[in-house]
Amino acid sequence: MQIQNQLEQRLASLTPSVLEIINESRGHGGYFEGKESHFKVTIVSDAFVGLRAVQRHQKVYALAGDLLAPAKIHALAIHAYTPDEWTGQSPNSPKCMGGSQQD
């Protein structure tokens with residue numbers, strides 16, 4: 001099973017109203033077709049109500065578990081919101097200095 005699909009299944013346990021997982025591996029060094037190493041997660045869930053940003057990230061990291069390993073996910077950008085905070089978009093990721101210039 002693809003890493004992105006596994007991550008999506010695990011984060012579904014937070015019953016998100018919005019869950020977007022973008023494979024950003026293409027913009028990073030060492031990219032090859034099919035690589036899954038860098039992801040951006042935007043997630044909106046009631047599970048984050050009352051939690052600080054670091055606590056929200058800890059929840060996501062705990063669910064990602066063994067996917068956060070050198071041979072799997074190298075980088076995970078997390079944008080975690082409550083439904084009241086969600087404005088409909090998350091920030092763009094910065095360009096990687098060692099990455100591909102292709103978009």
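This is a predicted model: local features need pLDDT of at least 70, side-chain atom pairs count only at pLDDT 80 or more; totals for chains, interfaces and linings use all residues.
Student: In what sense do strand E2 and E3 pair, and over how many bridges?
Tutor: Strand E2, residues 38–44, pairs with E3 in the parallel sense over 7 bridges. Strands here are DSSP runs of E, at least two residues, and helices are runs of H or I, at least four, numbered from the N terminus. Two strands pair if DSSP finds at least two bridges between them.
Student: Which residue in E3 is the bridge partner of valine 41?
Tutor: That's isoleucine 78.
Student: What packs on the sheet?
Tutor: H1 does, touching E1, E2 and E3 (contact means heavy atoms within 4.5 Å). The direction of H1 makes about 160° with that of E1. Axes are lines fitted to C-alpha atoms, for helices over the stretch in contact, and angles run from 0 to 180 degrees between N-to-C directions.
Student: Switching topic: where does threonine 15 lie?
Tutor: In the loop between helix H1 (3–11) and strand E1 (18–23). Phi of threonine 15 is near 40°, a positive value in a residue other than glycine.
Student: Is lysine 95 buried or exposed?
Tutor: Exposed, because its relative accessible area is 65%; buried means under 20%, exposed over 50%, partly exposed in between (1.4 Å probe, protein chains only). Lysine 95 is in the segment after strand E3 (75–81).

Technical notes: Residues are numbered from 1 along each chain as its sequence is written. Side-chain values use heavy atoms; hydrogens and water are left out.
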